[in-house]
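My notes follow in the order I looked things up.

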Amino acid sequence: MPKLDEGARGVYLITVTPFRDDGALDLESLDRLTDFYLGCGVTGLTVLGVMGEAPKLTAEESRTYVKRVLARVDGRVPVVVGVSSPGFAAMGELAKSVMDLGAAGVMVGPGAQVRTDDQAFAYYEMAAETLGPGTPFCVQDHPLAYNGVQLPVPVLKRIFQAIPTAVMLKHEDWPGPGLAKLSAIRAASDKGEIRRVSILAGNGGGLFLPEELSRGADGAMTGFSYPEMMVDVVAAHAAGNVERAHDLFDAYLPLARYEQQSALGLAVRKYLLLKRGAIASMAIRKPGPKLSAADIADIDRLIARQDARLKELG
């Protein structure tokens, strides 16, 4: 499988981590889930992300998870692995392990200790040195997940000017959506200030996906229990059918919005994946939320309304 580069585009789906009811990794469900994602037409997979419960896995479980996904994918799509860590030693160890297994690249968020622009740039310089010249990486701009750490446009421009292995930006400036930032990065590459890098949109289940595509995003790197929505929206937009892209997006938006609740979002996503037959249990490793009967009734109503709207669209 070729390594991640600046030309990456499409939908890199953020995966969940299936657990059994007793909290153990469910590798059989992981196989089925991987097949489900591939069947939805995703361009790539991103594993061990924030919604993948990566911090709840041991180092050995993380390697087991990645090895299983890579074996199931068998080179059909690129796999990017989240390796963010409080320390560079752990980051480097995991990155080397997954690259040796066949990952296309890794994803790195900023350290929680970063407070200034110079510190943010220095952090990514050290991350690149730790990863080595043979490991391309995605810069994850996600203040909500990384202690509020901001990566302003000048910092991102410095990173992409100075670090050749930084080949992608995961644009997730939540609660943004940071559309002006996306436009500014694209303008910088158009002017020749930086090389053109891949930009994939995050922003909570693609809540601003059509607008981000219009601002220059190359696709999406986020999670949603209906990955085919992002696949179809990105394809329609790329074909020039922007209104069709918006219509499809609008049909799924109520459920996507419900799935993005900060407290319940992962539980909603796993319930939906269970209903769709992709996993055997909606278990979340502790600590984690649980759905109430009222939550489930809300979700089922939204599914029915979504199905009806998609039939209308044809």
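Entry 1, the cover over α5. I looked up what lies over the buried residues of α5, and the cover includes α4 (117–131), β5, β6 (166–171) and α6 (179–190). I took helices (H or I, at least four residues) and strands (E, at least two) as DSSP runs, numbered from the N terminus. Contact here means heavy atoms within 4.5 Å. The model is predicted: local features need pLDDT of at least 70, side-chain atom pairs count only at pLDDT 80 or more, and totals for chains, interfaces and linings use all residues. Residues are numbered from 1 along each chain as its sequence is written, and side-chain values use heavy atoms, with hydrogens and water left out.

Which residues of helix α5 (residues 153–162) are buried? I found V153, V155, L156, I159 and F160. They lie on the same side of α5, because they cover an arc of only 160° around the axis. The arc is that of the directions from the helix axis to the C-beta atoms. Buried means under 20% relative accessible area, with a 1.4 Å probe and protein chains only. I noted the general rule that an α-helix has 3.6 residues a turn, so residues three or four places apart point the same way.

I placed D141 in strand β5 (residues 137–141). D141 counts as buried because its relative accessibility is 0%. The side chains of D141 and K181 are joined by a polar contact of 2.6 Å. For that term I used a pair of N or O atoms within 3.5 Å, where within protein one must be able to donate a hydrogen and the other to accept it, and residues adjacent in sequence count only if both atoms are side-chain atoms. Beyond four places in sequence, D141 also touches residues including L151, L156, L169 and H171.

A nonpolar core is a set of buried Ala, Val, Leu, Ile, Met, Phe, Trp, Tyr and Cys residues joined through side-chain atoms within 4.5 Å. The largest one has 96 residues, and V108, F137, V139 and I159 touch the most other members. Another core, of eleven residues, lies apart from it, with Y12, C138, M168 and L200 among them.

I counted twelve helices and eight strands in the protein chain. Of its 314 residues, 56% count as buried. The C-alpha trace spans about 50 × 45 × 35 Å along its principal axes.

Key: Buried < 20%, exposed > 50% of the residue type's maximum accessible area, 1.4 Å probe, protein only.
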